[in-house]
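Hi,

Here is the structure I promised to pass on.

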Amino acid sequence: MGNMKLNLKIWRQAGPKAKGEMKTYPVNDVSEDMSFLEMLDILNDDLVRKGDEPIAFDHDCREGICGMCSLFIDGEAHGPGRGITTCQLHMRKFKDGDTIHVEPWRAQAFPVIKDLVVDRGSFDRIQAAGGFVSVNTSGNLVDGNALPISKPDSDTAFDAATCIGCGACVASCPNSSAMLFVSAKVSQLSLLPQGRPEAKMRALNMVEQMDKEGFGSCSAIGACEVECPKGISLEHIARLNREYLVASVTKE
Amino acid sequence: MKLDSKIPEGPIDKKWTDHKDHIRIVAPSNKRRIDIIVVGTGLAGGAAAASLAEMGYNVKAFCFQDSARRAHSIAAQGGINAAKNYQNDGDSTFRLFYDTVKGGDYRSREANVYRLAEVSANIIDQCVAQGVPFARDYGGLLDNRSFGGVQVSRTFYARGQTGQQLLLGAYSALMRQVGKGAVKMYDRHEMLDVVVVDGKARGIIARNLITGEIERHGAHAVLLCTGGYGNVFFLSTNAMGCNVTAAWKAHKRGAYMANPCYTQIHPTCIPVSGTHQSKLTLMSESLRNDGRIWVPKYIEDSKAIREGKKKGNDIAEADRDYYLERRYPAFGNLVPRDVASRAAKERCDAGYGVNKTGEAVYLDFGAAIERYGKLQANIHNMENPSPEKIKEMGTEVISEKYGNLFDMYENIVGENPYMHAMKIYPAVHYTMGGLWVDYNLQTTVPGLFCLGEANFSDHGANRLGASALMQGLADGYFVVPYTVGDYLADDIRTGAIDTKSAAFDEAEKGVTDRINHFLNNKGTKPVDDFHRQLGKVMWEKCGMARNAQGLQEAIVEIRQIREEFWKDVRVTGKGNEFNQELEKAGRVADFLELGELMCKDALERNESCGGHFREEYQTSEGEAMRDDDNFAHAAAWEWTGDPGTSNRHKEEMKFDVVKLTQRSYK
């Protein structure tokens, strides 16, 4: 066990319709080797022993890839530190005696389920609107090497494909825009020959669904790019805008 | 019940094609009348749900995560094997089959493994067509790398996140069907029982994790694609939510559990740092392509390192023991996982470990950095480059190949791995055991199928690297869509399954009673307390090395923990709300039964094979010693009401093609 003492101010909300509030919890014996979530585990362990309700928060892989964890810590999605998710944030980033504010993602399209847990089903619905290549899974396709893809295109598509769908971009945006998320998928598939045939429809459908879900507009503030744990670039938003514009003016 | 593996007749390379050509299929108009439940949306489940919906079945897909895209397949780093022979190094379907059977220490089913190797090439084509961005070379063609236990380069990869990219491919196929209405998606739902009606699996009981509502879902077939049970050890590289509950409920409803003791301990994970630890992080096996594993040659040096008086860099080249290269010259650092893990344990047990706990060895990139640096100098026609320049250029190459892994390491450990050798230690990673299935992936309960890591079939006693992704997708895209049709051909006139039957009543009552027990128990200790205790027993007595005495002790201890758990566990909150403690309680209750069965299985298997190492059965050189005369079989356990009284059934593994030999990587 370590010897840091912290003062946590955490958002508590019993259910989707309940009124929430910030509550204060002191935590002792925090070691700098702990991850932020392990620090919350300790707090929860303590709460359960006392018969209190532990704090609900989403988490799963705890190695920065599943996109489940989603905390807004001291005003930043996934907390201080760049290119990491909350589960990769370690307590050595904090000092003994610090007060830390922990809140859920805040966006109309991400309603709170309980405490720090939000519903990101809107992202799934955007994917279902067009985030795919329409190919059946028969396996009877052309050889994987039949169509060479230039390394720069392949690398850029990959950069976009690294999006983990965590929603930090939305949480960081003053407009709660999901453009970085949507553009990552549109960009990945539009850069690959397999995704070109339905590129127009994809851009139009995904953007339409995004608007329907109640996400705000992009005003090129760029906070999303800064807070994105995977470093997804704003260039993808530019590409989405081009794809969308072309699709809109050439729509049949 | 006699186990019938239903392996088709004929030569091994014709079995699958012949089988597919002769099994029954369901006509498109009839598929619309059939409902299928898929539990789990990882590579196996996501692929199966998408494929079955494309074919025209009505599919309901369930996952406990908030989105199908988050299943733990996503965490696989290194790659996926396929017998494409793009590198022209003599690879073939047969070679992949042979390597996998050998890697599994001759405890897997030949026919299944051959089929896996056969469809491996289709997987790559399929994924490319879906827009999966595999690594490519400057000519625009797909790149490959090597993995442990093989001597060819057949592993396709997407930087250090192959699992995520493949899963997003399957997820996109799944979401396409969700968008069409062909799949109804139930995320944040946990399956808590299988419902068996007149001997056939006809549905599930699931809990809506947001509202706490207990739901009944009927279907003509149920597919479990629910992953492995490594979290029985508490600390593992699995995600926090990974659990055995779905498979265990199926086991209690009559599905046999095969070879539960086969656990894969991955050699390259970040060592445990303290008691607060909630999970362990894997460092991809691909690192062993370039990293060299060593400990100091002299025990005094190890001591000095543990006491913080020396660092790895202080140990001269001549004073380092590259023990894998020493013991296994032919495969060196790329021996299979079980061999590499045991070798690390052997050195650390002997006192050569290099961190405070004495449980770590070095994974060193110094030599690779120098080699790549010199190569770069040659490429750029540099004359007499300085050692610093070489190091700088070599570091760049390593960073491009493994950058994300190095960053992850630095985040967790707080030390720069480009400057100091990584410290690694084995950790629980994968479970080869699982529900027993026949060639059609059907369990011993008709209508209940099991795919991917959750079944036992393809990896024998040890899985080779980059084969889990291959199996998940093979089962989901290319095997079950055919075999399930053969079973469902009898159900075209059945009509929708009635969920108001007695069987559903009984199953739902069982689920509700258990939940109420937890909530009303008012014990004193949180769920994790018991989970930690169980994990400690499992790791110490049913981990990398096992012996009869330890296993017998473990069984007694686990039974005690289980008794204590039911008496003294405290679960806060209510049943009709989002309640993570309640979710955990149900999962740990099942782990507490599984753990005992694993120890029992390990105790009965009087041999060493793959990931199962019994100290009593080893060669004079400390290698695993199999007993093919008595144990060339899968042990399939039948539930009888208590893990202590489970019945052991055997499926003999027949080897018609591969000759059984002592596995050697020397």
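Which helices of chain B do the buried residues of α16(B) pack against? They pack against α15 (527–541) and α17 (580–604) of chain B. Before I go on, some housekeeping: this is a predicted model, in which local features need pLDDT of at least 70 and side-chain atom pairs count only at pLDDT 80 or more, while totals for chains, interfaces and linings use all residues. Residues are numbered from 1 along each chain as its sequence is written, and chains are lettered from A and ligands numbered from 1 in the order in which they are written.

Back to α16(B), residues 548–568. This helix has 21 residues and reaches 30 Å from its first C-alpha to its last, close to the 30 Å expected at 1.5 Å a residue (the expected span being 1.5 Å times one less than the number of residues). Helices here are DSSP runs of H or I with at least four residues, strands are E runs of at least two, and both are numbered from the N terminus. Among the buried residues of α16(B) are Leu551(B), Ile555(B), Ile558(B), Arg562(B) and Phe565(B); buried means 20 or more other C-beta atoms within 10 Å of the residue's own, with C-beta atoms placed from the backbone. An α-helix has 3.6 residues a turn, so residues three or four places apart point the same way.

Then there's the sheet. It is open, with 3 strands of chain B in the order β6-β7-β8 and antiparallel pairing (to pair, two strands need at least two DSSP bridges between them). β6 (189–197) and β8 (214–218) of chain B are the edge strands, and the twist averages 25 degrees from one strand to the next. Helix α14 (502–521) of chain B packs on the sheet and touches β6, β7 and β8 of chain B, its direction making about 145 degrees with that of β6(B). Axes are lines fitted to C-alpha atoms, for helices over the stretch in contact, and angles run from 0 to 180 degrees between N-to-C directions.

Lastly, the contact with chain A. Here 66 residues of chain B are in contact with 67 residues of chain A, where contact means C-beta atoms, placed from the backbone, within 7 Å. On the chain B side, α6(B) gives the largest share, 9 residues. That side divides into 27 nonpolar, 26 polar and 13 charged residues (nonpolar: Ala, Val, Leu, Ile, Met, Phe, Trp, Tyr, Cys and Pro; charged: Asp, Glu, Lys and Arg; polar: the others, Gly among them).

Cheers

Conventions: Two residues are in contact if their C-beta atoms, placed from the backbone, lie within 7 Å. A residue is buried if 20 or more other C-beta atoms lie within 10 Å of its own, exposed if 12 or fewer, and partly exposed in between; C-beta atoms are placed from the backbone.
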